[in-house]
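Hi,

Here's the structure I said I'd pass along. Have a look, and my notes are just below.

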Amino acid sequence: MEMALVIDPGKCTACRQCELACSYRHTGEFNPSRSRIVVFDFHTKGRFVPYTCTQCDQAWCQQVCPVGAITNENGVKVVHEDICVGCKVCTIACPFGTVNYDPASGKVIKCDLCGGDPACAAACPTEAIVYTDISVQGFEKMRKWAERVDTAPQAGGDLPPAAH
Amino acid sequence: MHHLIIGAGPAGVRSAEMLRRLDPACEITLIDGEGEAPYSRMAIPYLLEGKIDEKGTWIHRPLEFYSEHRIALVRGRAEALDAAAKKVRLQDGTELAYDRLLVCTGARPIKPPVPGLEGERVRHCWTLEDARAIMEHAQPGSDVVLMGAGFIGCIILESLIRRGVKLTVVEVEDRMVPRMLDEVAGTMLKQWTERAGARVLTSTAVEEVEDTGSKLRVKLSSGETLPADLLVVATGVTSNIEFMDGTGVEKRAGIIVNARMETSLPDVWAAGDCAEGCDFSTGDLNTLAIQPVAVEQAITAAKNMAGGNAEYHCALPMNILDTAGLITTSFGRHEGVGGERAVLHNADEWRYIRLEFDEDTLVGAQTAGHVNMVGCIRGLIQSRIPLRGWKERLLKHPERVAEAYVDLAREA
């Protein structure tokens, strides 16, 4: 069973509880600018879209990190703050924009699924963000749209899980 | 199957990891030319400013990573390749046979033809050995001259300032990072750097360096002479491909590779700063010499060496620089291709965003002081996604570029 965040924008009301919960879990402060999840407000369409890392297989961030500060923990790409030097190269390599530089810490930040208990999903009052077994949800569809930008053909067939 | 990889930088190490993951049984040898633990040059600025120790520059720690993954590290420098016999000779005479070879020999700094660029106090900032020498000579109060305000110059600038030196930057072009930033952003960066405490001389060349014993005397094209305890030369790099002379391999500035990272020689691949492959932005051959392309090429090469069928099509020029706190980026055709342009310039807030369009797609960008979700710019350029209504919005509000990406990717 592979667990992931499954996001249904149709249920999002832009209350931004997820941003506050994420920021609080990771930094101890309620500061949406330090949240790993962002709610986009497409007001002309009346549509809100919570957006964060889909833990993609390509792992652009992990492979580009010059000092091995991002590892694959059972599919989750985790930044190790004690190793990150703050060079920011992952923030331009990730074509989804879901790794960001945090000036307050001098490190990069990204979604780590809170180690298996994501604060955003727990805080979401409308089940727009749920943490669930991806085999029974529309996660693949979600990941596909994120990976729409990946023009590099997925090479060599399916890869076995990362060695880490 | 014996995979031989020449070069233990990020490209070499990432390819070795991928080979091991794809082929648990193969033999992997990684040749390191510097006698160091495999490390990343990109981490050197953080070593100089004391944020990390030398181990912090390593690609993997502890070093048992390599033995655990059965990656044999061999010290040496490649001297010659016999592609017919499938052998590489090292400078110490050792011959290594291979079944498949990956060349990741990287690049080295160029020493410009200026008289007097020699001696202990004239250094590049390229290797760990260089970093040790710079740390020795760049003491608080030292006079330091940085020759070249390109990528490397700008990225080590902060660490030099933080070391408390009196820093003068000398750049021959009319602005800082001319290959990455336009006049507006390059000038903004110069003003920022001056406020951070360095003197910046653009449109100025170093003409001669004289060692007077106590100090170096750095003579400039302006007629001025600067005293220096240390001169750091950061004026560009060139690929390390001379050992392939005589093999008949197709090359220009780098070894030419196709989308599979194959060279023109059988069973020889190349990746990273020594390779010259297709540039996503132009469709022409180019050596980009940047970390993302180096590792992405290396992983593609490894997949093919392991018998897969991988192609790499997104070698996009892109850079991110943090110069004493002002973060600048550039992506793709940042100087434009003659299409429409969106510009946001707020000098008071040190913010600049310039987007370049080709009809209905984004083809390039440069930014200063704009970092939030900046990777989306790569996403938009690389996907060649039609912008539709978003182009009009971005022409007025280029800062909404991430929003455009999220909306468009979702609907695609």
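Two strands count as paired here if DSSP finds at least two bridges between them. Keep in mind that this is a predicted model.

With that in hand, start with a hairpin in chain B. Strand S14 (residues 216–220) of chain B runs antiparallel to S15(B), and four bridges join them. Within that pairing, B:Arg217 sits opposite B:Pro227 of S15(B). Four residues lie between the two strands of the hairpin, and B:Gly223 in the turn has a positive phi of about 100°. As for strand S15 (residues 225–228) of chain B, B:Leu226 and B:Ala228 make up its covered face, while B:Thr225 and B:Pro227 are on the uncovered one.

Now the interface. On the chain B side 59 residues are in contact with 47 residues of chain A. Together the two chains bury about 4500 Å², with 62% of that on carbon and sulfur atoms. B:Arg21, B:Met373 and B:Arg410 supply 16% of the area chain B buries against chain A, more than any other three residues.

On the polar side, there are twelve residue pairs in polar contact between the chains (both at pLDDT 80 or more). The rule also finds two salt bridges across the interface. One of these pairs A:Lys45 with B:Asp407, with the closest N and O atoms 2.9 Å apart.

Which helix gives the most to the side of chain B that touches chain A? That's H10(B), with eight residues. By class, this side of chain B has 30 nonpolar, 15 polar and 14 charged residues.

Cheers

Definitions and conventions: Residues numbered from 1 in each chain as written. Chains lettered and ligands numbered in written order. Predicted model: local features only at pLDDT ≥ 70, side-chain atom pairs only at ≥ 80, totals over all residues. Heavy atoms only, no water. Contact = heavy atoms within 4.5 Å. Buried area = accessible area lost by both parts, 1.4 Å probe. Salt bridge = Lys/Arg side-chain N within 4 Å of Asp/Glu carboxyl O. Polar contact = N/O pair within 3.5 Å; in protein donor to acceptor, adjacent residues only side chain to side chain. Nonpolar A, V, L, I, M, F, W, Y, C, P; charged D, E, K, R; others polar. Buried < 20%, exposed > 50% of the residue type's maximum accessible area, 1.4 Å probe, protein only.
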